[in-house]
Amino acid sequence: MNILVCAKRVPMTGGTIVLTEDEQSIQTRHLGFTISPHEECGVEEAVRLIEANGGESVVLALGPSEAEEQLRDAMSLGIDRATLLETADEFDGQATAAAIVVAIEAERAAGVEFDLIFFGNESADSGNYQVGIRVAHALGRPCVTGVKGIVVQDGRARCEQETASGRDVYDVPLPAVVTVKEGLNLPRYPSVPGRLRAKRKPLATSAAVGRDPGVEKLRLRLPPGQGKQAEILGHGPEAAPAVVEVLRRAGLVA
Amino acid sequence: MTLVYVEHQDGRPDDASLQAIALAREIAGGAPLHALLAGPGAEHAAAGLGAHGVATAHIAEHEALATHAPVALARCIGELIDRLSPAAVAAAGSERGNEVLAHAAALGDLPLAANCIAAEAGDPLTVTRIRWGGSLLEDARLHGPVKLLTVAPHTVEAAEVGGGPAAVERFTPSLGEADLVVRVVETVQQSSEGGVNLADARFVVSCGRGAGSPEGFAPAEELAALLGGAVGCSRAVTIAGWRSHTDQVGQTGTKIAPEVYLACGISGATQHMAGCKGAKRIIAVNIDPEAPIIANADYAVIGDLHEVIPAITAELRKAGAG
């Protein structure tokens, strides 16, 4: 079977977000980058499924040239090859999906059909909640979202969603699109040989095909009420009575 | 006019959907507000919507809508878009609200702004939406013949505006087989034996990597049990494999809303804070007075969680709790 994982490069924001002067993005000069958390689980699931069933796994990212770092990371975990749709711009959900569809159709023209396409349920940064669903419709495939458990058997995918009261189960035929959530699995750490192999694995780069945004970003800003600075209750175990007093005022202690 | 997709349960509209109606009312700017409901209990749930300003409630009737089927629901929205030409369609920024509206957006090739917290009527439509689980805001303009948006839960107040009962219009959507491929085929109820649910707990104590090991959570377990609360953890802890992901508080974990959240040995990364901003009071326990969480907590104890948590438990026992 063949599996495509779409993964996004996002900054590791740490404790405080600082914006660039033009208010268009996060100041990332001092930040590291990672694959968005849900998609890390998509990468892991793809590697496991290919290990069990054979076939090829491909990772795709839309982003700046630096996203090669995240694509190599995914390949160091066992993904076979990578595609970078390069753009310096931030695409909205519609444009991102359209560019990814172009890439998937190019794969199809080259004879590669993906049985499963994994997305994150939503990206950590822009959180648009729509790219996987849009791609599924463009390809005419079913899409199950927010998946935290998947079993692939006999050309079908049995997918589980977590709900407030338990789990909802879906059963869809392949090929399918599945958007996953963190908790689906526990991603492995890259090994040193894995990192070395990843350097030699194929990575194809092409320019991402854009379109006018339906959701036009004007500016980013920080929510009000940041940095309220806590009242210090004390130092070490001596602070315990003051903590209990807070619990009492909250009605948790009689 | 503006259309709102309303989720409901046990014959009552979900709070998050009533909040979406409140924002949709602002977008409508006096133009009529319509609602779409589907599935068992829809008519009951529609009964009170007039008070929230809904003029007409459209009830989609189809046996296939008895269980959740997102594409079928998006088709219902599509039919109403074709028939009523709304300027905007809104829904709750819940898992399913976001899912169904994304399907509707894909079917109609329409823009969708997820998790909005404010909107200004107009064309283009100006919205403010959340990013990074609420750690950042984005002002954006929506372009297109119909603007789709979801409303981030608990960011807009639902309000009764004293309207009369909404008119009820039933319709049977035309659904094809392809619209029903994705649907819930089985629901598994979770046994409630596992103790207090993290999302509903009135007291949550979490530890980060500072716990040192899986065994390092024992004092937190003891304190949580004493107060009838739940134990959470940071993402670093689940990545290390010390606790199950179901215990993770954060943007990609569980969102909690306790009366008191005791965050121990947690630095306060945006990933974590996005999961606990619903807490009424946050007490941070940290050896580092410069930790970002101190700037985002209500109270702080500067100290080692291995000493502080047992001291709190001992103090509670002394006070006769548990």
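**Note on the predicted two-chain model**

1. Asn115(B) belongs to strand β7 of chain B. The model is a predicted one, and in it this residue has a phi near 55°, a positive value for a residue other than glycine. Is Asn115(B) buried or exposed? Its relative accessibility is 7%, and because buried means under 20%, Asn115(B) counts as buried.

2. Tyr129(A) is not a glycine, yet its phi is positive, at about 55°. Tyr129(A) is placed in the loop that runs between β6 (116–120) and α4 (131–139) of chain A.

3. Two cis peptide bonds deserve attention. In chain A, the bond from Leu174(A) to Pro175(A) is cis, with omega near 5°. Pro175(A) is located in the loop between β9 (166–173) and β10 (176–180) of chain A. In chain B, Asp123(B) and Pro124(B) are joined by a cis peptide bond whose omega is about 0°. The loop that holds Pro124(B) lies between β7 (112–120) and β8 (125–131) of chain B.

4. As to the overall make-up of chain A, there are 6 helices and 13 strands. The C-alpha trace of chain A spans about 70 × 45 × 40 Å along its principal axes. Chain A has 254 residues, of which 54% count as buried.

5. How do α3(A) and α4(A) pack? Helix α3 of chain A, residues 93–109, meets α4(A) at an angle of about 45°, and the two axes are 9 Å apart. The helices α3(A) and α4(A) are therefore oblique to each other. The crossing in which α3(A) passes α4(A) is right-handed.

6. A helix pair in chain B can be described in the same terms. Helix α3 (residues 70–84) and helix α4 (residues 95–108) of chain B pack at an angle of about 60°, with axes 8 Å apart. That angle makes α3(B) oblique to α4(B). Here, too, the crossing of α3(B) past α4(B) is right-handed.

7. The second largest pocket holds about 1,100 Å³ of space. Its lining comprises 48 residues, and those closest to the centre are Met12(A), Thr34(A), Glu40(A), Arg235(B) and Ile239(B). Which elements supply at least two residues each to this lining? From chain A they are β2 (9–11), β3 (33–35), α1 (37–53) and α2 (68–76); from chain B they are α6 (235–239) and α7 (270–276). By residue class, the lining divides into 20 nonpolar, 20 polar and 8 charged residues.

8. Finally, Phe217(B) is found in the loop between β13 (203–207) and α5 (218–227) of chain B. Phe217(B) has a relative accessible area of 0% and is therefore buried. Between Phe217(B) and Glu120(B) there are 97 residues of separation in sequence, and their C-alpha atoms are 47 Å apart in space.

Terms used: Residues are numbered from 1 along each chain as its sequence is written. Chains are lettered from A and ligands numbered from 1 in the order in which they are written. This is a predicted model: local features need pLDDT of at least 70, side-chain atom pairs count only at pLDDT 80 or more; totals for chains, interfaces and linings use all residues. Side-chain values use heavy atoms; hydrogens and water are left out. Helices (H or I, at least four residues) and strands (E, at least two) are DSSP runs, numbered from the N terminus. Buried means under 20% relative accessible area, exposed over 50%, partly exposed in between (1.4 Å probe, protein chains only). On a 1 Å grid over the protein atoms alone, a cavity is a set of points where a 1.4 Å probe fits but cannot get out, and a pocket is an open set with protein on both sides within 12 Å along at least five of seven lines; lining residues have an atom within 4 Å of a point. Grid points are joined across faces, edges and corners, and a volume is the space filled by probe spheres set on the points. Ala, Val, Leu, Ile, Met, Phe, Trp, Tyr, Cys and Pro count as nonpolar, Asp, Glu, Lys and Arg as charged, and the others, Gly among them, as polar. Axes are lines fitted to C-alpha atoms, for helices over the stretch in contact, and angles run from 0 to 180 degrees between N-to-C directions. Angles under 35 degrees count as roughly parallel, over 145 as roughly antiparallel, 65 to 115 as roughly perpendicular and the rest as oblique. A crossing is left-handed if the near helix is turned anticlockwise from the far one by less than a right angle, and right-handed if clockwise.
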